[in-house]
Amino acid sequence: MRSKVVSMARKPRSVHTCSECGYSSPKWLGRCPECGSWGTLVESAVAPKSGSAGAAAVAAVSGAVPQGLTPTTPATPITRISGTAASSVPSGIGELDRVLGSGVVPGSVVLMAGEPGVGKSTLLLEVASRWASQPAADGQGTRKALYVTAEESAGQVRVRAERTNALKDTLYLAAESNLDIVFGHVEQLKPSLLIVDSVQTMHASGVEGVAGGVAQSRAVTAALTTLAKTSGIPILLVGHVTKDGNVAGPRVLEHLVDVVLNFEGDRQSSLRMLRGIKNRFGATDEVGCFEQTADGIREVPDPSGLFLSHHGHTPDGSAVTVAMDGVRPLLAEVQALTVDPVAKNPRRVVTGLDTNRVPMVLAVLQARAGERTNEKDAYVATVGGVRITETATDLAVALATWSSLHEQPLPEKTVVIGEVGLAGELRRVPNLGRRLAEAARLGYEYAVVPAGEELSVKGMRIAEATTLREAINLVSPRR
């Protein structure tokens, strides 16, 4: 009996951690009480506390003064610390540098997440190729980039690199999932950029659990973060996402890294958007635009042309507006088609816009402007696969529907911007000056906007309206 008690006492303690949100429980639960996910709690061993940190914690609880270790490097006044070490380096891809702030910061860790097949690996392979094409910091040769793939074979990555014209002599490739061997490659090559695809498929020896589990993902990310901070090598990580679109693994992954990016796009569209979720070196409201082609990922520095089916002449049932994606103004076209209803109840089919707000705008168009929208089937969509959820497109929806009802196109080179209220009033929208400046840059000469702002844009006539009915009169040929 005594030996049995001793063996039970030596059994290591374990904790069950949710792979979705990082919630921890001493016992297994079928459903996570934090995020509500089923079957996501994974068991892992708890490392015993050791060292002076554990002793200091015990001393603090007991009321004694904790004794710490003598630091090897004393604290330095912040005014004496050089900021050149945190200066960014261009990656060679302008849209990526826009989202990162101004480039890749040495010693930073960037986590890029996205759905399968969206093009994460293709984009990072292009980043590695551009990086390996630039001259080294010492002026001798070009920079080295190491691309580590744990999901594909080296031959598969070589075929993709050949297809996208990403073959470079200083771009090194390693198909490896063991983190210790990856560290060995870094010591041998001493690259100036490291890309790991992906963090959920890497395995750290000495850590319990399978690759992609909570313990492994946390250990791999922590080790790579330490490598980046100690060596100054920027590291780009590919991360998987859950069915909800969040970064897979415990929430601590997003806290460990410096930058979290989300690469998103519709499979039916070639447009890809890179958004910043977390950025310690810049803002998170910048958006990078890319286009998926047969030759790889292509930058789109001026994406407004992708969302317009015409330039200048506006057909009936169409209205051009300016939407804001972060701090970036994008011209987008809203199209509406009204036809006689087939069934008793008129249909409302919406694509690329808020499915709840479009019927509301059509109701306001009927109640406040006298248009019989309830007698027609209405199909409202955006051009180019862009999705717009902000209320600044309300006026474009209303005027495109009015144009379709009367088969009367809006004036040429016209943009309409504004939010429509239930009383039929037009409400002001943020960043109106920036929106109009972007429209004027692309050649638009007339704008209908809500009243109340003193704006002047070179080369553009600006007409203000307080109600939806006034806006209709401004674009009607009877005005």
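Student: What should I know about the model before starting?
Tutor: The model is predicted, so local features need pLDDT of at least 70, side-chain atom pairs count only at pLDDT 80 or more, and totals for chains, interfaces and linings use all residues. Residues are numbered from 1 along each chain as its sequence is written, and side-chain values use heavy atoms, with hydrogens and water left out.

Student: What is the strand order in the open sheet?
Tutor: The nine strands are ordered β6-β5-β7-β8-β4-β9-β10-β11-β12, with mixed pairing. Strands here are DSSP runs (E, at least two residues), helices are runs of H or I of at least four residues, and both are numbered from the N terminus. Two strands pair if DSSP finds at least two bridges between them.

Student: Which strands stand at the edges?
Tutor: β6 (171-175) and β12 (296-299) do; each has a single partner strand, so one side of each is left without a neighbour in the sheet.

Student: Is β7 buried or exposed?
Tutor: Strand β7 (residues 193-197) is mostly covered, with five of its five residues buried. Buried means under 20% relative accessible area, exposed over 50%, and partly exposed in between (1.4 Å probe, protein chains only). L193, I195 and D197 lie on one side of β7, and L194 and V196 on the other.

Student: How many bridges link β7 and β8?
Tutor: β7 and β8 (residues 235-239) pair in the parallel sense over four bridges. In that pairing, D197 stands opposite V238 in β8. On the β5 side, strand β5 (residues 145-149) pairs with β7 in the parallel sense over five bridges, and T149 stands opposite D197.

Student: Changing topic, at what angle do α6 and α7 pack?
Tutor: Helix α6 (residues 179-189) packs on α7 at an angle of about 15°, with the axes 11 Å apart. That makes α6 roughly parallel to α7. Axes are lines fitted to C-alpha atoms, for helices over the stretch in contact, and angles run from 0 to 180 degrees between N-to-C directions. Angles under 35 degrees count as roughly parallel, over 145 as roughly antiparallel, 65 to 115 as roughly perpendicular and the rest as oblique.

Student: Which residues of α6 and α7 meet?
Tutor: L179, F183 and V186 in α6 meet V220, A223, L224 and L227 in α7. Contact means heavy atoms within 4.5 Å.
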